[in-house]
Amino acid sequence: MIIGENVSFKKDTGLIGAIEEALSYNSNTFMFYTGAPQNTSRSPIDLENTKEAHRLLIDNNIDINNLVVHAPYIINLANPKNYDFNVSFLKQEIKRCEMLGIKRLVLHPGSHVGLGIDTGINNIAKSLNDVLNDSTSVYICLETMAGKGSEVGSHFEELKQIIDKVNLKEKVKVCIDTCHMNDAGYDISNFDQVLTEFDNIIGIENIYCVHINDSKNLINTHKDRHENIGYGTIGFDNLLRVIYNEKLKNVPKILETPYVDNYPPYKFEIEEIKNKTFNENLIEDIKNFYK
Ligand code: FE
Ligand code: FE
Ligand code: ZN
């Protein structure tokens, strides 16, 4: 099982700090934003730190190919406004991933801001065509969205349409998010059927990342509010079936569940996942451990 969580990548500790945080939760992969998720200010990658980090990964049996970077969510390729900035930012983000040795870059497709879904899809594909070139060694993983506001990509068909319009489509993959799929109307309690549908539309081999989150909201509510595993409307057993699905065995699973009283829940959630046992005292255990 390849399981990890969203960790922080800080200016001073870089990739080493991210690895150490992930190890403290007993995970064997992780995801991070190369700077703040909500803005695009980025510091240069420290090469010395990165070199040492690569040794640390080997020492701890973490396969660098399973690590994930998440692009900042204010990048909106569906909106032609700030087009040049978005394209150049994304090119730089790919360069940062390449310098770090990371292969998987998760990207929210974007919001069409009233321009209509088809225009949104066209704009996203056009941007990706400007961003990708033959030497790009990173996979852009388009994330399945909850369908909040005018988000593009809440249905597999929309992601398929984007991919179809990209010239270098072998470089575009998908990140499925359990909270987002639930909120978009996919029934995670019948995950085999969801996966079959995905396979028929996009092809299951294109799933390069799975975000594991419970949802605060009911199916098809288009909200996007993550919940700790087992504490939301999807439920622990349904999420376990996603995590342990044989067809997704080699795909990194990443927790993006909310902090509890400012403490990270991941060490305890990973324990629950490994033990296949729901922890009804999660909140108390987290508070007792970190306080
Ligand atoms: Fe995301
Ligand atoms: Fe996600
Ligand atoms: Zn989300």
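Which residues point one way from β6, and which point the other way? The first legend answers this, and every view is taken from a predicted model.

**Figure 1. Strand β6 and its side chains.** Val-172, Val-174 and Ile-176 point one way from β6, while Lys-173, Cys-175 and Asp-177 point the other way. In a regular strand the side chains alternate between the two faces of the sheet. The strand covers residues 172-177, and six of its six residues are buried, so β6 is largely enclosed by the rest of the structure. Strand β6 runs parallel to β5, and four bridges join the two. In this pairing, Leu-142 has Val-174 of β6 as its bridge partner.

**Figure 2. The open sheet of eight strands.** The strands are ordered β1-β10-β7-β6-β5-β4-β3-β2, and their pairing is parallel. The edges are formed by β1 (3-5) and β2 (31-32); each has a single partner strand, so one side of each is left without a neighbour in the sheet. Strands of a sheet pair through backbone hydrogen bonds, either parallel or antiparallel. One pair in this sheet is β4 (residues 104-107) with β5 (residues 139-143), which is parallel and has four bridges. Within that pair, Leu-105 stands opposite Ile-140 of β5. Helix α8 (residues 236-243) packs on the sheet and touches β7 (207-212) and β10 (253-255). The direction of α8 makes about 160° with that of β7.

**Figure 3. The site of the iron ion (ligand 1).** Three residues coordinate the iron ion (ligand 1): His-70 through NE2, His-108 through NE2 and Glu-143 through OE, at 2.1 to 2.3 Å. Along the chain, these donor residues have the spacing H-x37-H-x34-E. Glu-143 also bridges the iron ion (ligand 1) to the iron ion (ligand 2), and the two ions lie 3.3 Å apart. His-108 sits in the loop between β4 and α4 (117-131), whereas Glu-143 is in strand β5; the pair is 35 residues apart and links distant parts of the chain. His-108 has a relative accessible area of 15%, which is buried. Glu-143 is buried as well, with a value of 0%.

**Figure 4. The site of the zinc ion (ligand 3).** The zinc ion (ligand 3) is coordinated by NE2 of His-180, OD of Asp-224 and NE2 of His-226, at 1.9 to 2.3 Å. The spacing of these donors along the chain is H-x43-D-x1-H. Between the zinc ion (ligand 3) and the iron ion (ligand 1) the distance is 5.2 Å. Helix α6 (residues 178-184) holds His-180, and the loop between β8 (214-215) and β9 (226-227) holds Asp-224, so the pair ties together parts that are 44 residues apart in sequence. His-180 is buried, at 2% relative accessible area. Asp-224 has 17% and is therefore also buried, since the cut-off is under 20%.

Figure 5. Most residues other than glycine have a negative phi, and most peptide bonds are trans. Asp-224, the zinc donor of the previous view, has a positive phi near 70°. Val-113 is not a glycine either, and its phi is positive at about 40°. Val-113 is found in the loop between β4 and α4. Its relative accessibility is 49%, so Val-113 counts as partly exposed.

**Figure 6. Helices α9 and α10.** Two packed helices are described by the angle between their axes and the distance between the axes. The axes of α9 (residues 266-275) and α10 (residues 282-290) come within 9 Å and cross at roughly 130°. At that angle α9 is oblique to α10, and the crossing is right-handed. On the α9 side the contact involves Lys-267, Phe-268, Glu-269 and Glu-272. On the α10 side are Leu-282, Asp-285, Ile-286, Phe-289 and Tyr-290.

**Figure 7. The surroundings of helix α9.** Seven of the 10 residues of α9 are buried, so this helix is largely enclosed by the rest of the structure. Among the buried residues are Tyr-266, Ile-270 and Ile-273. The buried residues of α9 pack against β1, α1 (14-24), α8, β10 and α10. After α9 comes Lys-276, with a positive phi near 55°.

Technical notes: Residues are numbered from 1 along each chain as its sequence is written. Chains are lettered from A and ligands numbered from 1 in the order in which they are written. This is a predicted model: local features need pLDDT of at least 70, side-chain atom pairs count only at pLDDT 80 or more; totals for chains, interfaces and linings use all residues. Side-chain values use heavy atoms; hydrogens and water are left out. Two strands pair if DSSP finds at least two bridges between them. Contact means heavy atoms within 4.5 Å. Axes are lines fitted to C-alpha atoms, for helices over the stretch in contact, and angles run from 0 to 180 degrees between N-to-C directions. Donors are N, O and S atoms within 2.8 Å of the metal (3.2 Å for Na, K and Ca); water is not among the atoms, so sites may look incomplete. Buried means under 20% relative accessible area, exposed over 50%, partly exposed in between (1.4 Å probe, protein chains only). Angles under 35 degrees count as roughly parallel, over 145 as roughly antiparallel, 65 to 115 as roughly perpendicular and the rest as oblique. A crossing is left-handed if the near helix is turned anticlockwise from the far one by less than a right angle, and right-handed if clockwise.
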